[in-house]
Amino acid sequence: MTELTERAADPAEDRRPAGSAPPAPGPAFLGRRRELTTLRADVGRAGLDTMAGRPAARARVLLIAGRPGTGRTALAREFARRVRAEGGCPDGVLRVVLTDPGGAAVPVERAARDLLGALGAAAPPGADAEESCEALRDALADRRVLLILDDAVSAQQVGELIPDNRDCLVLVVARGPLTGVADVRPCTVGALEQHAALRLLARGAGSTRVTVDPRAAERLAEACAHLPAALLLAGGWLAANPDAAVARATRAMTEPVPREPADPGDPPRQGGAGGSGTSPDPGDGPLDRAFRLAHSALRPPAARILRLLVLAPAGLVDAHIAAALAGSSVGAAHRALRGFALLGLVRPVESGTPPPAPPAPDGGSGGTGTAREPGSASGDEPWPLYEVPGCLDPLLRDLVRRHERPADVLLARARVLERAVRRLVACRAVTEPEGSPARERSAALPSPLRFSSRREAGRWLDSRLPSLSAAARLAVADGELDTLARRLIAALAAALTAHRGERAAAPELYRLHELVLDVAGRQGLAGERAAALLNLGDLDMATGRTAAALKRYRAALDALRGLGGLGVPPAMGRALESIAGTHAELGDWQRAADWYGRALVRAQETGDRDAEARLHGLLGAVHTDAGEWRPALLSWRAAAAAHRRRGDAVAYARSLAEVARVREYAGESEEALRAGYDALRAARGAGDRRLEAALRLRLAAGAQRLGLPADARAHRRAGEALLRECGSPEVGDPVEERPRALGARGDGVASEESARG
């Protein structure tokens, strides 16, 4: 997940039940004075380049090293807040997480692309890791930002993201030292100081309970090993149980727990701690015990929702995703998530939405609350978004392994994909006009799936895009839900195109088409594979990767030929025309003419008159570029005749103008003048004033060459007057130099074609 923030908040702040005592006054961040001092000193410490008399070539890198659960991310956020408060890094704070849920390292290319998106920039569609990192360095070249690389896995992963700008600052969060990063010393974090640990407990328990029994609070903090994550969970349990004494939590944390077999083949165990119905596997670590304590506050339905949260794509979950995972109502899932946030089992994602209200004081998170649930968080705001802390991810995954059957896990994933598809369909439908079929279909969806405005849908799409993209990647990689994966990709591509436009959405669409390519290859869907290859080829062409585009187009043609008589004529024609256009872009006029000729024959066989007219013009352009005047003249005449039969007066006039141009290039001045008059009459009939002005200027030049000065002056005066009438600031020739303006197919991305095949 990537974010651009102005201030980082403590995830434990303001988590207490209604009616309990407020936390003791104090700063939002507790403890870590030594670590913060060390980090500030490292900022000003002379680096190796400085000591060697060389100016620093790259950003300064700081490192926070510690195990998950030690509060290393909270420390990074607090350091960023203080740097910003002191006026450092005026262009903001960027944060990216470099480890996916489950422990897989995030590819550098994706991390760079996400950071570019947070900056409002974008890498070229299909850019690899090197290109994406180069684009990121360019975007940061004149900025002063603090870049937080959270949960880094390797030095190589970090090194490629460091800006070449010494005015930037990089703060890396990792498990241990990164020996491959030059000139960096780790700031190691572990347990909190005693007073900070007690104050963190007091936030959940309330200061009264800690004051009444300070020895029990100290023993509870010791049982949590003064680790922030364990303290948050213990405090969350006390917050959910306002009548329980601190000593009760201490006993639960310190009493021995009988071990249970953890054979994956064992049936789900019932009973267990508290009322959850299933108990986590007993562990000896303080985090395991604190998790078991917080888990005991949950009722069986809420406990199942909690353990299924690790199936949420990208670790991001809202009420809709939680409801889909557990097969519950959105309202019940929303209440459960609020309860989890109170217990410290999830934390809100900073998105500008208000913090979740606490659940009913009875601590139940299984849907017993009576508060009215709105359709969204507040008006046009999306539902609050939460994330599972990384330190709890392995514990929850173990619960899923032991208590959920594989078929149930697959069903939960399928429900998430299905709900995402329906939400994306509604997200796109809201951009359609009132009364359109898409809007009517959207109106039939349940109210929690609909959007009230285009603004609301756009904000939802922006905030959920990391989760939606991750869902598509995971579904394709899993391979068991290919049909749903294809539907999700098609719906996401359509929504992105509708809200952002093809050009702005191109980087995301490129990745989606690549996913379609994977699914189509695995399923043997030649039509869909060809459509994905064509779309990818178009995007490669738009970014200047002509050789790569040619390979894509040829592979698409091979896939379509494999269909035999089942091939779709428009797709076959598109592939042939695209190959020809690529050769034309490379300046290989002979091959371009050959492939355009093949496309023309196919258009004539299928009766596609529009394509036939366009291809005659493209052939004329290729022959003109190659200096083959006679074939060019024949092609442009054929194009003019085809456009005339179609009734396209403007394209007919422009084709005649190209006939005149070819005559002029061939040195046939008198014939060029006559052809120019024919084109002028056609332009007048079509009402194309700019074309008429351009032809007047061209006729003036031709008349001057033929020794007709009076005609030349008359044509020039008329052409200049027409240009002024059209509002043109300069006198010029507005006739397109390339014939693609005469009706050629554009290179836009067909967002749904990959999924439809």
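**A chat about the inside of the model**

Guide: The largest cavity has a lining of 14 residues, and the ones nearest its centre are Ile-321, Val-416, Ala-420, Trp-460 and Leu-468. Keep in mind that this is a predicted model.

Visitor: What volume does that largest cavity have?
Guide: About 150 Å³.

Visitor: And how many cavities of 30 Å³ or more are there?
Guide: The count comes to eight.

Visitor: Which helices supply at least two residues each to the lining of the largest cavity?
Guide: That would be α14 (319-326), α17 (406-429) and α19 (454-478). Helix α19 gives the most, with five residues.

Visitor: How does the lining of the largest cavity divide into nonpolar, polar and charged?
Guide: Eight residues of that lining are nonpolar, two are polar and four are charged.

Visitor: Back to α19 for a moment. What does Ser-467 touch?
Guide: Ser-467 lies in helix α19. Not counting residues up to four places away in sequence, Ser-467 touches Pro-313, Ala-314, Leu-316 and Ile-321.

Visitor: Why does Ser-467 count as buried?
Guide: Because its relative accessibility is 4%, and buried means under 20%.

Visitor: Let's switch to the nonpolar cores. Which residues touch the most other members in the largest one?
Guide: The largest nonpolar core has 76 residues, and Leu-220, Phe-291, Leu-309, Leu-325, Phe-340, Leu-345 and Leu-392 touch the most other members. Helix α10 (residues 228-240) provides the largest share of this core, nine residues. There is also a second, separate core of 72 residues, which includes Leu-445, Val-476, Leu-515 and Ala-556.

Visitor: Which residues is Leu-325 in contact with?
Guide: Leaving aside neighbours within four places in sequence, Leu-325 is in contact with Arg-304, Leu-308, Leu-309, Leu-311, Ala-312, Ala-412, Arg-415 and Val-416.

Visitor: Where is Thr-546?
Guide: Thr-546 is in helix α23 (residues 546-561). Not counting residues up to four places away in sequence, Thr-546 touches Met-541, Thr-582, Glu-585 and Leu-586. Thr-546 is buried, with a relative accessible area of 13%.

Visitor: OK, and Ser-442, which contacts does that have?
Guide: Ser-442 is in contact with Ala-426, Ala-429 and Arg-450, leaving aside neighbours within four places in sequence. Its helix is α18 (residues 437-443). The C-alpha atoms of Ser-442 and Ala-429 are 6.4 Å apart, although 13 residues separate the two along the chain.

Visitor: Is Cys-168 buried or exposed?
Guide: Cys-168 counts as buried, at 3% relative accessibility. Cys-427 is buried too, with a relative accessible area of 0%.

Visitor: What's the phi of Arg-32?
Guide: Near 60°, a positive value in a residue other than glycine. Arg-32 is in the loop between β1 (2-5) and α1 (33-44), and is buried, with a relative accessible area of 2%. Ala-225 has a positive phi as well, about 55°, although it is not a glycine. Ala-225 is in the loop between α9 (214-223) and α10, and counts as partly exposed at 34% relative accessibility.

Visitor: Last one: how many helices and strands does the protein chain have?
Guide: It has 32 helices and nine strands. Of its 757 residues, 52% count as buried. Among contacts with a separation of 6 or more, residues 24 or more positions apart account for 70%.

Technical notes
Residues are numbered from 1 along each chain as its sequence is written. This is a predicted model: local features need pLDDT of at least 70, side-chain atom pairs count only at pLDDT 80 or more; totals for chains, interfaces and linings use all residues. Side-chain values use heavy atoms; hydrogens and water are left out. On a 1 Å grid over the protein atoms alone, a cavity is a set of points where a 1.4 Å probe fits but cannot get out, and a pocket is an open set with protein on both sides within 12 Å along at least five of seven lines; lining residues have an atom within 4 Å of a point. Grid points are joined across faces, edges and corners, and a volume is the space filled by probe spheres set on the points. Helices (H or I, at least four residues) and strands (E, at least two) are DSSP runs, numbered from the N terminus. Ala, Val, Leu, Ile, Met, Phe, Trp, Tyr, Cys and Pro count as nonpolar, Asp, Glu, Lys and Arg as charged, and the others, Gly among them, as polar. A nonpolar core is a set of buried Ala, Val, Leu, Ile, Met, Phe, Trp, Tyr and Cys residues joined through side-chain atoms within 4.5 Å. Buried means under 20% relative accessible area, exposed over 50%, partly exposed in between (1.4 Å probe, protein chains only). Contact means heavy atoms within 4.5 Å.
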